[in-house]
There are 2 protein chains.
Amino acid sequence: MALDRDHALRAAAALLTRKSTATMDEVAKAAGISRATLHRQFAGRDALVRALEALGIAECETALEAARLDENPAEDAVRRLVREVEPAAGLLAFLYTENQLFEGEEQHAGWARIDDRITAVFRRGQQNGEFRIDLTPAWLTEALFGLLASGAWMVQSGKGAPKDFTRMIAELLLGGALRRDETQREGS
Amino acid sequence: MALDRDHALRAAAALLTRKSTATMDEVAKAAGISRATLHRQFAGRDALVRALEALGIAECETALEAARLDENPAEDAVRRLVREVEPAAGLLAFLYTENQLFEGEEQHAGWARIDDRITAVFRRGQQNGEFRIDLTPAWLTEALFGLLASGAWMVQSGKGAPKDFTRMIAELLLGGALRRDETQREGS
DNA sequence: CCCACATGAGACACTCATGTCTCATCGCGG
DNA sequence: CCGCGATGAGACATGAGTGTCTCATGTGGG
């Protein structure tokens with residue numbers, strides 16, 4: 001049963017990532033179950049989205065662990081983070097825009113914790129002297145999520161290749177568009 | 001009448017920017033007119049969104065003109081572009097996510113033209129030697145829109161100050177998070 | 001073999017936004 | 001002063017999505 005629930009959750013994630021307005025009918029069909037069963041596993045659309053949010057948070061935290069954010073240099077930590085979080089980017093993009101709708105309600109505490117951990121890497125990088133100090137850690141964190149969403153959409157619309165995903169995001173976030181005269185790290 | 005329509009359009013833009021799911025009732029109330037009148041000006045919600053799209057495209061093109069994208073250096077052109085497009089960022093963020101929903105339908109041709117012009121700047125910057133060549137112009141363009149949306153949301157949620165908006169986006173897009181040893185341009 | 005339980009299919013009521021309509025009112029020009 | 005046009009208010013039908021319910025089926029364990 002728990003397995004069925006997880007299966008339905010994954011299917012919902014995959015579908016809603018592509019079509020954020022999909023109905024419960026469509027989600028059920030995508031999961032290969034009936035709408036009734038879907039309703040037995042998730043009280044309603046709202047509960048489903050909440051569950052997806054929890055899934056997204058969990059995957060984010062897994063990625064945070066795998067990225068070993070506390071190891072130096074911070075630059076490499078950020079690269080690892082982008083790489084590890086890539087599989088969840090589509091789901092995150094969905095949740096990211098979904099969150100724009102939660103007007104009054106405060107967001108899930110999990111996001112705050114994730115935000116804090118990512119913000120901390122950027123702050124450490126600044127204190128290290130690795131990162132410039134005129135871009136706030138909060139903005140860098142927000143920009144990371146924005147770029148993840150942009151990248152996910154770009155891949156989805158076929159305007160970009162999935163294999164470039166990680167590099168494009170990490171390189172832009174860290175290095176920017178301007179060419180660096182000093183020879184920096186090349187490619188992967 | 002045309003003035004009324006424009007007034008309603010602006011009000012709708014302002015509201016939908018904040019709450020993308022606002023109903024026709026709410027839009028009408030925000031514009032200070034009745035739902036009936038709103039319907040007389042825009043055949044339906046769809047027509048309203050289309051009109052907003054046209055408005056967004058128009059504002060984008062105005063910004064493109066004001067940014068004088070064809071002047072060198074490309075770096076400054078991009079900075080001007082970010083500055084000029086800033087007032088429209090909220091509307092663009094709305095349209096950006098709205099476009100994710102248009103599954104089958106091809107997008108407005110205006111976007112393609114705007115995309116082309118922005119892409120061209122990045123390409124020119126690469127040929128100039130100003131920009132690195134391992135980030136595709138298409139990705140840089142997409143990233144610009146993504147960062148604009150992130151910035152707009154950040155300002156809206158109060159997590160960032162509006163006055164930093166332009167700098168944060170332009171600096172990240174162009175320079176990235178890494179510190180540059182060589183002394184570059186400072187501040188504005 | 002039989003029963004319990006999960007499932008699928010579908011009916012049903014309800015909510016909500018939309019689109020259309022009518023009608024009274026108001027303002028402005030002839 | 002009269003009438004026209006635009007507007008606001010509201011009723012109404014419609015459609016979509018949701019949530020709840022019932023019932024038949026089928027499958028697996030006792």
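**Figure 1. Overall fold of chain A in the predicted model.** Chain A contains nine helices and zero strands, and in this predicted model its elements follow one another along the sequence in the pattern α-α-α-α-α-α-α-α-α. Taken along the principal axes, the C-alpha atoms of chain A fill a box of roughly 60 × 35 × 30 Å. Of its 188 residues, 52% count as buried, and among the contacts that join residues at least 6 apart in sequence, 65% link residues at least 24 apart.

**Figure 2. Helix α2 of chain A and the residue that follows the helix.** Helix α2(A) spans residues 24-31, and its buried residues are Met24(A), Val27(A), Ala28(A) and Ala31(A). When α2(A) is seen down its axis, these buried residues fall within an arc of 100°, and they therefore line one face of the helix. An α-helix has 3.6 residues a turn, so residues three or four places apart point the same way. Just after α2(A), Gly32(A) adopts a positive phi of about 75°.

Figure 3. Helix α6(A) covers residues 89-99, and because 11 of its 11 residues are buried, the helix is largely enclosed by the rest of the structure.

**Figure 4. Packing of helices α5 and α9 within chain A.** Helix α5(A), residues 74-85, packs against helix α9(A), residues 165-175, at an angle of about 145°, with the two axes 9 Å apart, and the crossing of this pair is right-handed. On the side of α5(A) the contact is made by Glu75(A), Val78(A), Arg79(A), Val82(A) and Arg83(A), and these meet Thr166(A), Ile169(A), Ala170(A), Glu171(A), Leu173(A) and Leu174(A) of α9(A). By residue class, this contact between α5(A) and α9(A) divides into six nonpolar, one polar and four charged residues.

**Figure 5. Interface between chain A and chain B.** The interface brings 45 residues of chain A into contact with 46 residues of chain B, and the area buried between the two chains is about 4,400 Å², of which carbon and sulfur atoms give 60%. Within chain A, Arg132(A), Trp139(A) and Leu178(A) lose the most area to chain B, together accounting for 17% of what that side buries.

Figure 6. Gln126(B) lies in helix α7(B), residues 109-128, and counts as buried because its relative accessibility is 14%, under the 20% cut-off. Leaving aside neighbours within four places in sequence, Gln126(B) is in contact with Phe131(B), Arg132(B), Ile133(B), Leu135(B) and Pro137(B). Arg40(B), by contrast, is found in helix α3(B), residues 35-41, and counts as exposed at 67% relative accessibility. The C-alpha atoms of Arg40(B) and His7(B), 33 residues apart along the chain, are separated by 14 Å.

Methods: Residues numbered from 1 in each chain as written. Chains lettered and ligands numbered in written order. Predicted model: local features only at pLDDT ≥ 70, side-chain atom pairs only at ≥ 80, totals over all residues. Heavy atoms only, no water. Buried < 20%, exposed > 50% of the residue type's maximum accessible area, 1.4 Å probe, protein only. Helix = DSSP H or I, 4+ residues; strand = E, 2+ residues; numbered from the N terminus. Arc of directions from axis to C-beta. Contact = heavy atoms within 4.5 Å. Buried area = accessible area lost by both parts, 1.4 Å probe. Axes fitted to C-alpha atoms, helices over the stretch in contact; angles between N-to-C directions. Left-handed = near helix turned anticlockwise from the far one by under 90°. Nonpolar A, V, L, I, M, F, W, Y, C, P; charged D, E, K, R; others polar.
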